[in-house]
There are 2 protein chains.
Amino acid sequence: MAMEAKFVFRDQLSTMAKERLEPSEIGEMIKLTIENDAISFTAGEPSADIYPLAELKEAFKNVFDETSLLAYYKDDFGLIELREWIAARMLVDGIAPKWVNSENILLTNGAGEAIQLVSEALIDPGSVVLVESPTYTESLLTFRKQGAQCLSVPSDDEGIVPEALEDILSKRSVRFLYTIPNFQNPSGRTSSLDRRKKILQVAEKFDIPILEDDPYHYLSYDRVPPDSYLKLAGEDKRVIHTNSFSKTVAPGMRCGWAVIPSSLIKQMNALRVSAGLTRAAIVQKGLVNYLKSIDFNERVNFLCDTYRVRRNGMMKAIADHLDPLGIKTNYPSGGFFVWAEVPFIDDVKSFARFAVVEKKIGIIPGSAFFTQDEAHKGNNSFRISFAKVSPEVAQDGMLRLADAFDNYSSNRR
Amino acid sequence: MAMEAKFVFRDQLSTMAKERLEPSEIGEMIKLTIENDAISFTAGEPSADIYPLAELKEAFKNVFDETSLLAYYKDDFGLIELREWIAARMLVDGIAPKWVNSENILLTNGAGEAIQLVSEALIDPGSVVLVESPTYTESLLTFRKQGAQCLSVPSDDEGIVPEALEDILSKRSVRFLYTIPNFQNPSGRTSSLDRRKKILQVAEKFDIPILEDDPYHYLSYDRVPPDSYLKLAGEDKRVIHTNSFSKTVAPGMRCGWAVIPSSLIKQMNALRVSAGLTRAAIVQKGLVNYLKSIDFNERVNFLCDTYRVRRNGMMKAIADHLDPLGIKTNYPSGGFFVWAEVPFIDDVKSFARFAVVEKKIGIIPGSAFFTQDEAHKGNNSFRISFAKVSPEVAQDGMLRLADAFDNYSSNRR
């Protein structure tokens, strides 16, 4: 038998490590799906068949020709050439107002690191952070890790309800509002232009900033998304906007960014240094080489054409197999996700484990996406991702899922 | 005139952002050195002429052939192949005890990110962290950012003084001891084997963990360094060890690692996820391809041969130009740094600015390397780096530095 370790990390752990860390339910379900060799409706991950491998390979050929990229990179916020590309693109695409330039673009290890750095800058233990209901799990975990009390603002199919936001803000002191306005993860919802304007007015009235997370922006299958909060706010620089190349290029690039208003640049830079000085400039260089070698609009059109077929295939499979069961879903106009509500069971978390093990179909239970005060709402909901799912596999998977519901419910009768 | 931003981030800032962030003096002096086109004794950065550019280019050729590397990488702590290489190498080189295997190796964005994640796991606001005197600036900034009160333990040419450590631990509750045992940044000191054993005994007696930061391990020019704390502790897993490829391959790889004892793995994994899910597996793959394509011992010998010449050249220049002024320096047996104490001025920070602007020679003032309670010790000390300095440039730079001392002192008389 192995000798037991004398020392155990316990008394030395921080409050953060002892009380505020939770495992990611998404990560756990993805693992279970792989282990059970199941069809996956789990991951919000782009389909590997559409990574631009050949083009990236070509674009990375010369990154080792510039010695300076192998040093500690000198530009504070990352490779200036990529930051210029991003700023220019955001202006052209109407995502950013005119004040946004390369100096405001902070390159990060995916949008996740951007959200982590913003959390460090804005959250104290006990701070209230407002989120949509439901919202993205990993962001919730990051906010809570930093000590935030996450409160959900009632949302409907048009996004956050302005009156509900105003009601909360009139009672509570709040650090910021976190929103995923387009094709939201997990609900698939897109906030309307009218709603965005009203939400922004409320934010101005109560003087709170907005953290706008927009990773699905370009994955819009039916129409152009409404103006971003960042753009709508204009010169009133209360919006921090995060985004990434995970969906348009490949997640493995680990390249995200945040648009940082000038009054926050100094702090964000110090926080960035603390998290490992610089990020890999060779990756940033290869990525900008790639972006400059292609027609980005064509790339976006190709992605939208591909995912639209999958979205349509999934919605057909839902109509065929879930609608008859009385399971309620919405119709996403972009992104990767469909949200489903099940009126006839109240423990989707156990159901999801049953479905993946017994019927080889993986879904993410809704419980992952709610704040603690609303945890019950997750008991009868789940997230479906169609990102990697062909129409044929969608049919096969939905058959399995319907079968799982049938068996699970009968078992419990 | 530009319209002024209506919103300013101020009331919403966290205590961390408002009170605990400090600019890096090292970063500022490096910038001043570049701006003034000065000779640089500043950066603890490997010399660009010895980056293995051609070999890296070759090693990265096939990273885009494995689609899975472009996804969110599945292995929690990073590319398993690189973690296996690191664990095996640490065993072979006698840095790690037998329990260390790939499961304990967490890949990070440089050792800096490893230190940040460890800080999150172990530091609460007000926690006491013990550091050497002097110590590495960026680690101090990271500990303080997390709210630590950093206390310095008296150190001499053999490293931390065990009796002094015992004295502090008998009075204060401490979260951990941070040490750079080999060729310390900034002092150039190496802790003796005897000292390490004694320090470890004291750590065991008071049951505190040790964070051992060993980035200069392989840059040993005169003899093999003593056993690591990690190895000396053996089955008593109280040591977290951090390291990186910044010095042996290139800083721009942004690839560091931490050896995480089993009782801390779960927490470190949750913290890692929060800081951006995964790190770039393509870089980790290219790096391990490179490491497997070379004889690592030969690479290390080449590096040591190169830097030994520079160390010798710098020590000669110091003997020629600083010794006559009465400036006291030590003789580092590895790494990049020489520590200097100036008996005749007490504001090296202003002197360093004078030297870089007026005489075009950049050094890092000592004030960057001390805790707040010892800030005065930085007033008459500075760090010299010989990493990028040929013997010829060392002579030229030291002439300028001696000239600067001469002018600065006369100006103030």
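Predicted model: local features only at pLDDT ≥ 70, side-chain atom pairs only at ≥ 80, totals over all residues.
Two antiparallel bridges connect E14(A) with E15(A), and both strands belong to an open sheet of 4 strands in chain A.

**The four-stranded sheet of chain A**

- The strands of this open sheet come in the order E11-E12-E15-E14, and their pairing is antiparallel.
- Its edges are formed by E11 and by strand E14 (364-365) of chain A, each of which pairs on one side only.
- Strands of a sheet are held in pairs by backbone hydrogen bonds, in either the parallel or the antiparallel sense.
- Strand E11 (residues 328-329) of chain A is joined to E12(A) by 2 bridges in the antiparallel sense, and within this pair Thr329(A) is found opposite Ala340(A) of E12(A).
- On E12(A) there is also an antiparallel pairing with strand E15 (residues 381-385) of chain A, made through 5 bridges, in which Glu341(A) has Ser381(A) of E15(A) as its bridge partner.
- Strand E12 (residues 337-341) of chain A is largely enclosed by the rest of the structure, because 4 of its 5 residues are buried.

**Chain A as a whole**

- The secondary structure of chain A amounts to 14 helices and 15 strands.
- A compact globule of 413 residues would have a radius of gyration near 22 Å, and the value for chain A, 22 Å, agrees with this.
- The C-alpha trace of chain A spans about 65 × 65 × 50 Å along its principal axes.
- Of the 413 residues in chain A, 57% are buried.
- When contacts in chain A between residues at least 6 apart in sequence are considered, 74% of them join residues at least 24 apart.

**Helix H2 of chain A**

- The buried residues in helix H2 (residues 25-35) of chain A are Ile26(A), Gly27(A), Met29(A), Ile30(A) and Thr33(A).
- Because these residues cover an arc of only 165 degrees around the axis, they lie on the same side of H2(A).
- As background, an α-helix has 3.6 residues a turn, so residues three or four places apart point the same way.
- The partners against which the buried residues of H2(A) pack are strand E1 (39-40), helix H6 (137-145), helix H13 (348-358), strand E13 (361-362) and E14 of chain A.
- After H2(A) comes Asp37(A), which has a positive phi near 50 degrees.

- In chain B, helix H6(B) is mostly covered, with 9 of its 9 residues buried; among them are the charged residues Glu138(B), Arg144(B) and Lys145(B), along with Leu140(B), Leu141(B) and Phe143(B).
- Gly147(B), which follows H6(B), has a positive phi near 105 degrees.
- Leu200(B) belongs to helix H8 (residues 193-205) of chain B, and it counts as buried because 20 other C-beta atoms lie within 10 Å, where the cut-off is 20 or more.
- Leaving aside residues up to four places away in sequence, Leu200(B) touches Tyr229(B), Leu232(B) and Ala233(B).
- Leu200(B) and Gly366(B) are separated by 166 residues in sequence and by 28 Å in space, taken from C-alpha to C-alpha.

**How chains A and B meet**

- Chain B is superposed on chain A by a rotation of 180 degrees with 0.0 Å of shift along its axis, at an RMSD of 0.0 Å, which is the relation of a two-fold axis.
- The contact draws 74 residues from chain B and 74 residues from chain A.
- On the side of chain B that touches chain A, the elements giving two or more residues include helix H1 (15-19), helix H3 (53-59), helix H6 (137-145) and helix H10 (265-274) of chain B, while H5(B) gives the most, with 7 residues.
- By residue class, this side of chain B consists of 41 nonpolar, 18 polar and 15 charged residues.
- The copies meet through the same surface, because 100% of the interface residues of chain B are also interface residues in chain A.

Conventions: Residues numbered from 1 in each chain as written. Chains lettered and ligands numbered in written order. Least-squares fit on C-alpha atoms with pLDDT ≥ 70 in both. Contact = placed C-beta atoms within 7 Å. Buried ≥ 20, exposed ≤ 12 C-beta atoms within 10 Å, placed from the backbone. Pairing = 2+ DSSP bridges. Rg over C-alpha atoms; globule rule 2.2 N^0.38 Å. Arc of directions from axis to C-beta.
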